[in-house]
Amino acid sequence: MADSADGAAATVLVRYFAAAEGAAGRQEERIQLADATLGALRAELLARYGAPMELVLRSGSFLVDAVVSRDPERRVTGTVDVLPPFAGG
């Protein structure tokens, strides 16, 4: 895996939860990104899983390094969790 601090490629372990797991049809997978940003990951997930994933990502979020993020410029390495919207308060 390349260091993504300079925008290089990286392999990211993506874990899916609840509706995100349903949209992807799996619990997790490794994805190679040429540009290791959250925006690039989001685009890749939409290309792979289409409308079902779009519904999840529209109001869901990503957990990157134990921090919830929706920032498309955020660098990603290691593990990213795809979280659907949660009910409650």
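Helices (H or I, at least four residues) and strands (E, at least two) are DSSP runs, numbered from the N terminus. The model shown in these views is predicted.

**View 1. Overall fold of the protein chain.** The protein chain holds two helices and five strands. Along the sequence they follow the pattern β-α-β-α-β-β-β. Of the 89 residues, 37% are buried. Among contacts between residues at least 6 apart in sequence, 51% join residues at least 24 apart. The exposed surface comes to about 4800 Å², with 52% supplied by carbon and sulfur atoms.

**View 2. The kink in helix α2.** Helix α2 covers residues 38-59. A straight helix of 22 residues would span 32 Å, yet α2 spans only 15 Å between its end C-alpha atoms. A kink of about 130 degrees lies at Gly50.

**View 3. The buried residues of α2.** Leu38, Leu41, Leu45, Tyr49, Met53, Val56 and Leu57 are buried. An α-helix has 3.6 residues a turn, so residues three or four places apart point the same way. Cover for the buried residues of α2 includes the strands β1 (10-16), β2 (28-33), β3 (61-64), β4 (67-69) and β5 (79-83). Helix α1 (19-24) also contributes.

**View 4. Strand β3 and its partners.** β3 pairs with β5 in the antiparallel sense, over four bridges. Here Leu63 stands opposite Asp81 in β5. β3 also pairs with β4, again antiparallel, over three bridges. In that pairing, Val64 stands opposite Val67.

**View 5. The β3-β4 hairpin turn.** Two residues separate β3 from β4 in this hairpin. Asp65, in the turn, has a positive phi of about 50 degrees.

Key: Residues numbered from 1 in each chain as written. Predicted model: local features only at pLDDT ≥ 70, side-chain atom pairs only at ≥ 80, totals over all residues. Heavy atoms only, no water. Expected span 1.5 Å × (residues − 1). Bend = angle between axes of the 7 residues up to and from the residue. Buried < 20%, exposed > 50% of the residue type's maximum accessible area, 1.4 Å probe, protein only. Contact = heavy atoms within 4.5 Å. Areas by Shrake-Rupley, 256 points an atom, 1.4 Å probe, with all protein chains shown as cover. Pairing = 2+ DSSP bridges.
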